[in-house]
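Subject: Structure handover and findings

Hello,

Here is the structure I said I would pass on. My notes on what was found in it follow below.

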Amino acid sequence: MNETVKNILRNREVAMQTAQGLVFWPQQQGCAQIFCTGPLFWNLVANEILLESWEQGVHLQAFADDFVFVIREPTGTKLKFTAHEVLAVFKRWTDKHKISVSIEKSCNNIINEPIHTYTDGSKMDNRTGCAFCVRENNIYTIQWMAQLKLHNSVFQAELIALKEAYPWASQSNQTIKIWTDSESSLHSISYLKTNSPLAQDIQNTLINSPNIKLGWIKGRVGHAGNEATDLLAKKASLEGIPTQYPASRSYLKK
């Protein structure tokens, strides 16, 4: 086997048929793509960089002689720093083996994770409140609370929280996922003939804001975002921004 490899690597020539006949010239680098040992020799070289110990959140994948780095970081600044560090290691490897990288074929693609917004309403001990909070990369960046009146229902509180979250979300170009644990609110919003003015306002916002996605999340199962907003809504009934909204029909019928 050793002699076979040595024989392959010495006295290498490339032959080409021309009008003047067969022409030969010595070949010092590379392997012909149809040469069966080409992938073998390439793997021996590529394994060195593929077996490199990368930091958590960094993954290198090879597709023949193409390489893809997948880097996950919580902020753009951290992503830029890690990318520079990773590419420096990769460059040392290419320089060591005299490998050229095609700049024309190289590119980067930044994928932003959706921003999650959680909403909730609360009514207890004759106090009503609602709230929403924005969670980005496991950090709560925005919190909003409203203290409602006694005559406001928990259904209204849930919808008001959703309604107030939409103006903020519509200003962003990123995908925003707004979550609620109120199935009744979602049913009202999805019903085209809904009688709720709040639900109608949310419908109009959804039509004009394709970056906003509305979804249901099961409550009281330990989901961090939902649990945090639930506590915030209870707190809002005492400390939130005083907010006036007409009484619900069920209250007026009493």
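By class, five charged residues and one polar residue line the largest cavity, with no nonpolar residue among them. The model is a predicted one, so please read everything here with the cut-offs on pLDDT in mind: local features need at least 70, and side-chain atom pairs count only at 80 or more. The lining consists of D120, D181, R220, N226, E227 and D230. Helix α7, residues 224–239, gives the most to this lining, namely three residues. The space inside is about 30 Å³, and the count of cavities of 30 Å³ or more comes to one.

Is D230 buried or exposed? D230 counts as buried because its relative accessibility is 14%, and the limit for buried is under 20%. K234, at 27%, counts as partly exposed.

E239 forms a salt bridge with K235, and here the closest N and O atoms are 3.9 Å apart. The cut-off for a salt bridge is 4 Å, so the pair is counted on that basis. E239 and K235 are separated by about one helical turn because they are four residues apart in α7. E239 is exposed at 53% relative accessibility, while K235 is partly exposed at 38%.

A further salt bridge joins the side chains of K91 and D95, at 2.8 Å from N to O. These two sit in helix α3, residues 76–96, and being four residues apart they are separated by about one helical turn. K91 is partly exposed, with a relative accessible area of 48%, and D95 is partly exposed as well, at 46%. In total the structure holds four salt bridges.

Next, the pockets. The second largest pocket has about 340 Å³ of space. How many residues line this pocket? There are 17, of which Q156, S196, P197, S248 and R249 lie nearest its centre. Helices α4 (154–170), α6 (197–208) and α8 (249–252) each supply at least two residues of the lining. By class the lining divides into seven nonpolar, eight polar and two charged residues.

M16 belongs to strand β1, residues 13–18. With a relative accessibility of 46%, M16 counts as partly exposed, and so it passes the cut-off of over 30% that patch residues have to meet.

Last, K218. This residue is found in the loop between β9 (212–216) and α7. K218 is exposed, because its relative accessible area is 51% and the limit for exposed is over 50%. From C-alpha to C-alpha, K218 and Q143 are 21 Å apart in space, and they are 75 residues apart in sequence.

Regards

Notes:
Residues are numbered from 1 along each chain as its sequence is written. Side-chain values use heavy atoms; hydrogens and water are left out. Buried means under 20% relative accessible area, exposed over 50%, partly exposed in between (1.4 Å probe, protein chains only). On a 1 Å grid over the protein atoms alone, a cavity is a set of points where a 1.4 Å probe fits but cannot get out, and a pocket is an open set with protein on both sides within 12 Å along at least five of seven lines; lining residues have an atom within 4 Å of a point. Grid points are joined across faces, edges and corners, and a volume is the space filled by probe spheres set on the points. Ala, Val, Leu, Ile, Met, Phe, Trp, Tyr, Cys and Pro count as nonpolar, Asp, Glu, Lys and Arg as charged, and the others, Gly among them, as polar.
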